[in-house]
Every structure is written in structure tokens, then in C-alpha cells.
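Student: I would like to go through some of the labels used for this structure. For each one, please tell me what it rests on.

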Amino acid sequence: MSPSWRPPLNVRIADGALFIDDEPRLLLCASLFYFRIARGSWRERLRAVRESGYTCVDVYFPWNHHELEPGVWDFSGERDVRTFLEMAAEEGLWVVARPGPYICSEWDGGALPAWLAAEGVPLRQNDARFLTPVRAWFDRILPILRESPAVALVQLENELDFFDCEHPSGYVAALRDMALEHGIGVPLVACAGQGDLARAGGEVAGVVPAANFYPDDASTAIEATAAVYQRHLAERGLPLLVTETNRTHVTLRRLLSAGAKLIGPYLQASGNDFGFTTATNNWGSPLALLTSDYDFGGYLSPSGVRREEYGEARLLAGMIDALGPSLALAVPAEVSVTADFPLPDGGARALALHGGGTLVALANPGGAPGTARIGDVEVAVPARSCPFVLMDWGGIELATAELRLAAAGTLVFFCDGPSQVIVTAPPASEEALGSVEARASGEVLSGDVEAERDGDRVIFRPSGKAVGSATAGDLRLIFLPRTDAARLRGLDEHGAPLFDDPAEVVEERHLAVSGTSPFTPPPAREIGDVPTRPEHLGAYRGFAWYAADLSPGRALLLHGASDVLSAGVDGDHLGTVTPGGGFALLPGHRGGRLEVRTEIWGHPNFDDARLPALRLGSLRGFDAATAITAVHAPHPWRVSGPGIGAAPAPVTSWGAWITARRPAEARYAAEQATSAEADTWVLEFAGLGALVEVSVNGTGFGPVNPLVPYVDVTSAITPGAPARIELALRRWHGEPAGEVRLLEGRRATGWSVALAGEPELRALSAAPARPATLPVRLRAGELRWVRLDLADLPARTWSATFTGHDLKLTALFNGRVVGRLWLPGDTRPELAGGSPDRLTLPGPWFADGGNELVLLAEAVHPDDDGELTAVTLGA
């Protein structure tokens with residue numbers, strides 16, 4: 001047992017509040033993920049969160065980060081979650097633990113192991129085929145969470161209301177029962193992603209509903225929206241727990257004013273997706289590839305730099321800590337505020353503090369500053385801000401300056417400009433004041449502060465321009481400008497403010513190239529006439545190089561193609577595509593040896609029915625490759641349907657028919673001759689925007705997805721025989737029917753594959769290099785290793801920015817994949833989540849005997865070179 005071990009926390013939820021060790025708490029919670037930060041930086045980042053004033057971190061635990069393949073577990077080194085939790089406890093932070101099994105988090109597969117889908121396991125369902133492997137995961141992670149003295153809450157699942165779970169109550173109850181069997185004694189929560197608390201938590205006893213809000217920061221509806229859930233939960237004796245929301249502290253203040261008791265901005269501590277752990281997502285149109293740089297602009301950058309919002313964190317956290325239980329037990333209250341700017345919907349918000357007093361929020365969501373009035377008090381309110389006014393609390397009658405810190409006998413306030421603080425304090429004796437002049441001007445000790453006594457009240461008016469201090473009775477008051485208050489670390493033993501040291505200035509470094517070498521893939525193995533998906537071959541991350549024999553064709557069609565595929569024939573590059581799980585049509589070729597380089601960029605972290613590759617559990621790679629030998633435009637079309645004469649059926653072109661009926665429905669039929677030499681037929685619907693259902697020779701193929709406008713109808717066609725094509729078209733207001741073509745061809749056969757995950761790449765990267773300099777140019781389709789010179793580089797965490805065009809890069813730092821990049825150009829797909837041109841080189845991964853940054857570079861433009869022109873390191 002570790003000497004620092006302490007008993008697990010006593011945490012309970014009662015009377016609309018959260019209690020930790022019997023103390024009511026209001027938690028500011030920063031997302032901080034051990035798997036996106038090098039182990040050697042864990043403590044530094046945890047400490048930075050604690051020094052921001054936040055008292056809690058929320059932490060996902062990705063199942064597939066620890067079960068590397070079925071039954072193979074790893075909780076060591078960078079995956080040592082027990083040590084991470086011990087560090088959190090030692091740094092004085094509580095933890096909201098989120099073990100899934102599904103986590104989303106823009107992580108490969110949402111943390112669900114890819115082998116589950118490869119084995120046909122139904123995901124996120126109340127089904128033994130899924131719950132049995134989940135139990136194996138929970139059997140390993142839950143005991144670690146149970147024993148940790150830092151864990152305050154355990155979240156089951158994640159945003160289940162975004163997913164079509166057939167029996168959410170049964171599923172969540174099964175997860176709850178596993179947690180209880182493992183002795184989890186802290187509250188269990190389930191968060192809703194789009195406000196459906198019932199589906200997210202299944203209305204299961206013993207599981208507390210929580211909500212994730214991602215509003216427009218300028219919206220006037222934030223408070224009103226949160227209040228709907230706050231009131232609903234309060235009726236059940238539960239607090240509003242906002243487990244995820246935006247990072248700006250203006251929005252956090254507004255949620256606090258609506259009565260939230262836990263506020264978890266996602267993502268305050270940014271990171272990096274090391275290895276092949278990124279996901280595909282629906283942030284594009286709809287497809288996006290997630291960047292290795294995992295940074296949504298939170299207050300800590302991926303390299304650990306404290307950004308401007310970090311100071312705002314201190315200001316809000318300081319007030320929460322200063323008000324303590326009175327705020328933790330506060331409830332929403334009525335308040336009368338007028339303003340010359342648009343207030344939130346329903347007016348300004350206030351909280352009735354426990355034990356007496358009121359905290360008024362003056363949210364100004366708009367882009368112009370203004371003035372608010374509470375009774376006779378006027379307060380200047382900057383644009384897009386939410387200052388708090390404290391009334392009738394702890395001897396403070398009124399404070400338009402905001403409370404920053406409360407220590408023994410000392411209150412620290414900050415203000416953006418002229419403010420006032422009215423303190424109730426009986427007059428001291430004339431001898432104590434020292435002079436009539438001092439008594440008349442108030443007890444100002446120093447600084448730019450005016451004061452006057454009015455009976456038992458002392459009115460202080462700090463200008464907000466300089467540090468000032470004063471006394472009132474037994475109280476000592478310190479007034480700081482906002483910028484100084486944001487840098488305040490605390491008070492020394494004499495009660496003097498302590499401020500942060502100036503931020504370190506890091507000089508940029510420009511790396512040089514030391515050499516390049518050709519890339520040779522690992523040995524291939526034969527797999528037959530079908531390009532078996534990588535997951536079925538036991539490859540869950542990394543690369544797969546497929547090769548097969550291909551007939552000459554007018555085009556190359558890749559079937560069911562997911563993630564990133566680069567195709568070439570006999571060394572001629574045809575193109576690099578990211579088709580989203582559908583079909584990809586590439587230029588024609590002379591036939592020969594086809595190579596399809598497949599990269600598993602990531603399994604989807606979300607479930608989106610618009611594209612096959614965005615369905616949770618969808619596999620990567622592709623199903624087939626066809627050399628298109630002929631392209632037919634079926635005609636003429638016979639049209640039939642409601643209001644159309646049957647004999648003879650009118651002859652028309654595809655999509656042409658005029659009717660006043662809505663919806664306009666018609667059935668079109670045509671016959672098309674086929675070749676006896678072909679073995680594959682695919683209908684293509686170019687420009688389709690309407691609903692079309694397909695039938696060929698009496699076999700139905702269902703509706704066409706306009707985002708994947710191809711339908712493989714091979715199973716219904718006899719080579720050499722006519723194909724009867726019937727298409728049911730349904731339109732409301734003239735949506736485009738596009739054009740219909742029948743693609744005909746022959747499939748590639750005789751497939752082989754070479755697989756490379758991180759260990760294989762590490763071995764391949766040791767290839768001897770020839771000297772080279774920047775810029776490095778690669779011809780279309782070429783792969784090459786590029787070595788960068790890290791000599792004399794200080795061992796610190798660096799942010800590396802890459803400049804160039806039309807290159808896809810995989811970066812290995814001292815043998816570890818630190819991430820992937822896709823430099824700008826016509827081929828670059830939608831990239832989301834952070835910078836597509838930036839990676840993090842962790843300081844703890846530097847070695848004493850020399851360091852190496854090696855890039856696997858691929859030129860992805862179909863007919864132009866790719867180029868790397870610069871690599872710049874900064875903080």
C-alpha cells in the first residue's frame with residue numbers, strides 16, 4: 001500500500017447539492033486526459049489546473065487504450081492510470097472518472113475496441129455479447145477507481161441520448177450493477193449530450209442525470225436553457241451537474257448563475273493524440289478527420305502554456321472558493337435588474353446564498369458595453385462579460401468589485417474600473433484612527449482608493465487602476481485591477497499579494513533536414529480474391545498496403561472505401577481519397593499491378609447515419625476494386641405512377657415528368673444490355689438530391705444515399721443478359737434527380753496485403769538515409785522517410801508546426817508515433833479538432849543520448865509534387 005494512500009472519498013448528493021466529506025462543494029472541473037499528455041508531464045499539468053483554482057478534473061479512461069488486442073491488457077508506463085490518480089490526489093484535485101465503456105472524446109472508435117465490430121458485436125446495447133467484454137474492462141478499471149481517494153464521481157457511458165440504444169434503462173442498469181458489484185461508493189452519473197436526460201441515463205435508480213451544454217457563447221438563451229434542467233432536477237432533490245460545456249469563463253459564469261453545482265468546461269487542458277488514436281468525425285460536410293493536435297482553445301495549450309483564459313479561471317474559481325458553502329448551497333432567486341444592453345432571456349439571474357446574501361449575475365452577451373442598475377446602484381458591464389455583484393454577505397452590504405480571495409481577516413477584490421464596496425463596520429475610536437482627517441476619509445491604507453464612513457458603513461471606491469488596501473473594523477481589504485487579480489497566486493505570511501512570475505519566453509527553433517530515404521513496405525502475404533478489411537486481419541490501427549491484378553479500365557472504382565486510400569497502377573499514382581465509407585471513382589489506367597495504400601486514420605467516435613464510415617463500429621479499408629470498362633446511360637425510360645396512364649406507359653428522360661401532386665411520385669423503368677465479360681455493375685446517381693429507391697431485375701436495393709450516390713447491383717445481373725432497372729423517384733419541391741449511369745467492369749483479383757502498425761513503422765524508419773536539405777520534394781504518390789536534425793535542442797515540450805503542401809505526414813519522435821498531419825492543398829480533406837499543421841513533442845520523451853524526429857511523408861496530389869518547406873518549434 002502506498003504511504004500516501006487515503007480512504008476513498010465520502011461523496012453524496014442530497015437536497016440539490018454535492019457534498020464531499022460532508023462539506024458542500026461547487027466544483028469547477030477541467031478536462032485533463034492522461035492519454036493525451038506524456039506521463040512525465042502529468043504532475044505539471046495537474047498542478048497547473050490546481051493553481052488555476054479549479055478543484056477537479058474530469059478524466060476519460062479509454063478501453064481500447066488498455067486492451068490492445070483481445071485479452072491483452074496494459075496499465076503500465078504511459079497507461080499507468082493508478083499513478084495518474086495518485087498524482088491527482090497528491091495535488092489536491094478531485095476526479096470525475098469516466099470509464100465508458102464508450103467515451104466519444106474524438107478518440108479512435110470512442111474507445112470501443114475495433115475487434116468488437118470485427119466480430120459482429122452489437123455496440124452500446126443491453127446485450128450479453130456486448131456486456132460480457134464490457135465486464136472484462138470494468139473488472140480491471142473499476143477496482144482502480146474504487147481505491148482512489150481522488151475519485152468523487154463515476155460517469156457511466158457518455159451521451160447515450162445521441163445513440164439509438166434499444167433499451168437504455170436495461171443497459172445503464174447493467175453498467176450500474178457492475179459498478180456497485182465492484183464497490184464504487186461515490187455517486188454514479190450519466191450525462192446527456194442533447195438534453196434527453198431520460199434516454200442518457202435510462203431513468204435508472206442510483207444514477208444521477210447530468211447534462212452537457214455547448215451553446216453559442218453570445219446566445220441570450222444560456223440561462224433559460226440551463227434553468228429548465230435545474231428546476232426539473234431540483235424537484236427530485238438533485239443538483240444541476242454540467243459535465244461538459246464551453247471553455248470561456250463568461251459562459252461558465254452564466255451557468256453558475258443558473259444554479260449549476262458542477263461545471264466542466266471541455267477541454268481546458270489541451271493535449272495531443274499520440275500514435276494512431278485519432279478518430280473520424282461528423283464535423284465536416286459531414287466527414288472530418290480528427291487532427292492529432294487536440295486543442296479546442298482551452299486555458300492550457302498542448303505544450304502546457306498558460307493562455308489568457310487561465311487568468312479568467314483564477315478569477316471565477318477564487319470567488320467560488322471565497323464564498324464557499326454559502327455558494328455551494330445557493331439556490332436561484334428573483335432579482336430586479338435593468339440595463340441599456342440586452343439581458344439574457346428572462347432577465348438577469350441571481351443566487352440566494354445559504355445563510356444570507358445574494359449574488360447577482362450581470363450577463364451582457366452582446367458586443368457592446370453598457371450599464372446595469374440594481375436598485376440605486378449602477379454597474380458598468382463590459383461587452384461579452386458576466387460580472388457578479390455581492391449583496392448582504394459576511395459584513396459586505398454591497399460589492400460591485402468582485403470577490404477574488406477570502407483569507408483570515410482579509411478580503412481581496414478586483415474590478416475593471418471604478419467600483420464600490422460597502423462594508424458594515426462600527427466606527428473605531430478616534431485614538432485608533434489616529435486623526436480626524438483619517439476618520440473623515442475612511443481607513444484607506446494605500447493605493448488608488450477613496451473611502452468614506454456613513455454611520456456603521458464604510459464605502460470604498462477603488463478606481464481599478466492600481467493595487468489598493470484598506471481596513472474596515474476587523475477586516476482588511478485589498479483591491480486589485482483585473483489583470484493583477486488574474487496573476488494573483490495568494491497572500492504571503494504578512495498578507496501581501498503574491499503574483500506569478502513572468503511567463504517564460506521560448507525562442508523559436510527552425511529544424512533542418514539531415515537526410516531522406518525511400519520507403520519500402522513490410523513483406524506482404526496472400527489473402528485471396530477479396531481485400532479483407534484490416535480489422536479482420538487483426539490490424540486495428542496503422543497502415544495496410546493492398547496489391548492485386550487489375551484489368552485496363554476507363555476508371556477505377558473502390559467499393560465501400562473508408563478513411564484514407566491512395567491508389568496507383570504499376571507506379572502511376574491515380575489519387576488519394578477520403579470517401580467516407582462509400583465508393584471512390586478514380587481516373588482510368590492501363591491495367592497491371594494495383595496498389596491501394598490504406599491508412600486507418602481512425603474509427604468513428606460518433607454514430608452518424610449519413611455516411612457508412614461514420615457509423616459507430618464501421619470498419620476501415622475497402623471491399624473491392626473494379627476496373628470500369630464501360631459506362632452506360634440507360635434510356636429510354638418508361639414512367640408510371642399515380643395520375644399517369646398505364647397503356648402505353650409514357651416514354652421520357654430520367655426524372656422528367658410534370659405533375660401538380662405533392663409529393664411527386666413516379667416509377668421509371670429502362671432496360672440496359674450488359675457485357676458477358678464483366679463481373680461488376682454499379683448504378684451511379686450524379687447530382688442526386690431527391691429520394692430514389694432502386695430495383696434491378698426484381699431485386700430491391702433500397703433507397704440511395706445522396707452522399708454516397710452509388711448502388712452495387714451486381715447480385716441482380718446475369719452477365720450478357722439485359723438488366724431491367726426500375727427507379728422509384730419521390731420529390732416534394734423539384735429536388736434534383738441528377739443523372740443515372742450504369743458502371744460496368746471487372747474486379748481486381750489475387751490480393752496480397754502488408755500491415756504496419758507503430759512497431760513495424762519504428763523498425764522500417766531505421767532505413768539508411770542520404771543527406772538532404774529543405775525543401776524536400778516528393779513526386780505524386782511517392783513515400784519517403786525524412787529525418788530532421790534535433791541536435792542541441794533543449795529537452796522541453798515543444799509545439800512543432802509544419803509548413804508545405806500536398807503531403808501527408810506520420811511523425812515518429814524517438815521511435816514513438818507522435819501524430820499525423822495533412823499539409824494544405826487540393827487533396828486535404830476536412831480536418832477538425834485542432835491545428836492540422838501542428839504536433840507536440842513531449843519534453844519527457846527526450847533522450848540524453850540524442851534525439852530523432854522522422855517523418856513518413858506521402859505526396860498525395862494526383863499529378864503534382866508534394867513539398868515540405870519548414871518545421872518550426874515553439875512553446
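Student: Where does V711 lie, and what makes it part of a strand?

Tutor: V711 lies in strand β52, residues 710-712. Strands are DSSP runs of E with at least two residues, helices are runs of H or I with at least four, and both are numbered from the N terminus. This is a predicted model, in which local features need pLDDT of at least 70 and side-chain atom pairs count only at pLDDT 80 or more, while totals for chains, interfaces and linings use all residues. Residues are numbered from 1 along each chain as its sequence is written, and side-chain values use heavy atoms, with hydrogens and water left out.

Student: Why is V711 called buried?

Tutor: Buried means under 20% relative accessible area, exposed means over 50%, and partly exposed is in between (1.4 Å probe, protein chains only). V711 has a relative accessible area of 10%, so it is buried.

Student: Which residues is V711 in contact with?

Tutor: Contact means heavy atoms within 4.5 Å. Leaving aside neighbours within four places in sequence, the partners of V711 are W681, V682, L683, F685, V694, F701 and V704. L809 is 98 residues from V711 along the chain, and their C-alpha atoms are separated by 33 Å.

Student: What makes V860 count as buried, and where is it found?

Tutor: V860 is found in the loop between β63 (852-859) and β64 (866-874). Its relative accessibility is 0%, so V860 counts as buried. Residues up to four places away in sequence not counted, V860 touches H573, T576, D806, L807, K808, W822 and T827.

Student: D806 is among those partners. What is noted about its phi?

Tutor: D806 has a positive phi of about 55 degrees although it is not a glycine. Its place is in the loop between β58 (798-805) and β59 (807-813). At 6% relative accessibility, D806 counts as buried. D563 also is not a glycine and has a positive phi, of about 60 degrees. D563 sits in the loop between β40 (555-561) and β41 (564-569), and at 4% relative accessibility it counts as buried.

Student: How do you know that the length of α6 agrees with that of a helix?

Tutor: The expected span is 1.5 Å times one less than the number of residues. α6 has 14 residues and should therefore span 20 Å; its end C-alpha atoms are 20 Å apart, which agrees.

Student: What makes α6 mostly covered?

Tutor: Ten of the 14 residues of α6 are buried. Among them are P168, G170, Y171 and R176. What covers the buried residues of α6 includes α5, β10 (188-192), α7 and β11. After α6 comes G183, whose phi is positive, near 80 degrees.

Student: How do α5 and α6 pack?

Tutor: Helix α5 (residues 128-147) and helix α6 (residues 168-181) pack at an angle of about 30 degrees, with their axes 10 Å apart. The axes are lines fitted to C-alpha atoms, for helices over the stretch in contact, and angles run from 0 to 180 degrees between N-to-C directions. F130, L131, V134, R135, F138 and L142 in α5 meet Y171, A174, L175, M178, A179 and E181 in α6.

Student: How many residues of each class are in the contact of α5 with α6?

Tutor: By class, there are ten nonpolar, no polar and two charged residues. Ala, Val, Leu, Ile, Met, Phe, Trp, Tyr, Cys and Pro count as nonpolar, Asp, Glu, Lys and Arg as charged, and the others, Gly among them, as polar.

Student: What makes a set of residues a nonpolar core?

Tutor: The set must consist of buried Ala, Val, Leu, Ile, Met, Phe, Trp, Tyr and Cys residues joined through side-chain atoms within 4.5 Å. The largest nonpolar core here has 150 residues, and those with the most contacts inside it are F61, L327, F413 and F460. Its largest share, nine residues, comes from α5. A second, separate core of 32 residues includes A800, L821, W845 and V871.
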